[in-house]
Amino acid sequence: MITCKQTTDSVYDFLDGELDESVKAEVEQHMGACESCQALVTAERETAKLLQAVMTTQTAGLRLPVDFVETVQAKAAEPTVIRVSSPGMRLAIAAAFVAVLGIGALLVNQNSGTGGGGEQAGVYTNMFASTNLALITNVTNVIPASQLMPVGR
Amino acid sequence: MNEARTDERKTTDEELSQWVADYGDRLLRAAYWYCRNPVDAQDLVQETFVIAVKSADRFERRSAVYTWLYGILRNVGRHYLRKKKPMVPIESVEHMLEVESNPDQIDLNMATEKVEEVMGGLSAEHREVMVLRYQDGLKVRDIADALGITSGTVKSRLHYARDAIRRNLPPDLNLFVPVGT
């Protein structure tokens with residue numbers, strides 16, 4: 001014999017017609033004898049009707065404009081712009097660049113130290129060093145001087 | 001190479017027109033419940049289709065087109081909710097000022113107002129199951145498939161959202177009854 005709890009748990013499946021015939025028959029039999037479960041199913045049906053009426057009425061008049069496709073095509077053709085809105089995120093990205101370039105400069109230095117292509121590596125090292133300096137300058141422009149910690153003693 | 005790219009572009013343009021014709025208004029109705037504002041809803045759908053066009057080459061056509069587009073809309077809608085503060089749509093205010101004499105219409109207007117209000121306070125997850133269930137008329141199993149969650153989770157979210165609406169409807173409109181044993 002099916003319980004109220006089982007009926008409650010299967011109310012959506014019952015309404016969706018998703019129950020096996022045997023389970024459906026048991027639920028119907030239970031509802032025949034249990035007023036509160038019968039009321040639950042009735043209430044759920046009424047709720048569905050009310051919410052369907054409200055939600056469809058509220059959105060019934062919504063239509064996309066006739067030139068919608070052209071607008072989307074124009075927007076899609078625009079180049080993608082990555083916007084970084086928060087100052088914290090900007091700083092993090094700048095710091096990541098500095099770190100990557102710093103590691104790159106170190107690797108190039110190591111390579112030039114082991115011999116071979118020293119002159120070429122020197123050019124790269126200088127390039128990295130100047131880029132790092134420019135980035136660090138940019139970062140320090142972003143951070144107020146009062147928040148900068150002294151390095152070394 | 002350029003010809004191939006032109007053909008590709010043409011296909012996407014043709015597909016876009018078809019997608020908008022087939023699913024545009026349906027997505028617009030779903031988008032409405034993220035923002036409860038027709039203008040913003042249109043922006044959300046526009047953003048959805050722009051993303052769809054840009055990522056069309058990555059859509060492997062394994063899932064239905066609507067499921068794919070709806071998945072994009074969900075992300076766009078959730079982003080909107082994170083950015084934007086809840087607001088009362090102008091339409092609701094105008095509708096409050098109208099004088100209605102038909103009692104059934106008064107009840108529906110009142111219920112609409114309350115449902116709108118409660119939906120605005122629900123999380124994106126709860127709104128989504130409500131829209132798919134009561135606006136699109138999907139079965140629990142189909143909602144679970146569309147959202148990639150279990151049927152049990154769908155039922156639990158429906159139950160929560162339904163309870164929230166029940167608590168807020170005026171008693172004389174209240175169609176819900178307490179459950180016994």
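How many residues does the contact take from chain A and from chain B? In this predicted model, chain A puts in 33 residues and chain B 37. Helix 4 of chain A gives the most, with 17 residues. Sorted by class, the side of chain A that touches chain B comes out at 17 nonpolar, 10 polar and six charged residues.

As for confidence, the model scores ipTM 0.70 and pTM 0.64. Chain B has a mean pLDDT of 79, with 74% of its residues at 70 or more. Among the elements of chain B, helix 2 (residues 38–54) has the highest mean pLDDT, at 93, while helix 4 (residues 90–97) of chain B has the lowest, at 43. Residues 87–100 of chain B sit below 50, and this stretch has nine contacts beyond near neighbours in sequence. Another stretch of chain B, residues 174–181, also stays under 50, and there the model has 19 contacts beyond four places in sequence.

Then there is a helix pair within chain B. Helix 6 (residues 124–135) and helix 7 (residues 140–147) of chain B pack at about 135°, their axes 10 Å apart, and that angle makes helix 6 of chain B oblique to helix 7 of chain B. Their crossing is right-handed. Helix 6 of chain B meets its partner through Glu128(B), Val129(B), Leu132(B) and Arg133(B), and helix 7 of chain B answers with Ile143(B), Ala146(B) and Leu147(B). By class, this helix contact has five nonpolar, no polar and two charged residues.

How values were computed:
Residues numbered from 1 in each chain as written. Chains lettered and ligands numbered in written order. Predicted model: local features only at pLDDT ≥ 70, side-chain atom pairs only at ≥ 80, totals over all residues. Contact = placed C-beta atoms within 7 Å. Helix = DSSP H or I, 4+ residues; strand = E, 2+ residues; numbered from the N terminus. Nonpolar A, V, L, I, M, F, W, Y, C, P; charged D, E, K, R; others polar. pLDDT = per-residue confidence, 0-100. Axes fitted to C-alpha atoms, helices over the stretch in contact; angles between N-to-C directions. Parallel < 35°, antiparallel > 145°, perpendicular 65-115°, else oblique. Left-handed = near helix turned anticlockwise from the far one by under 90°.
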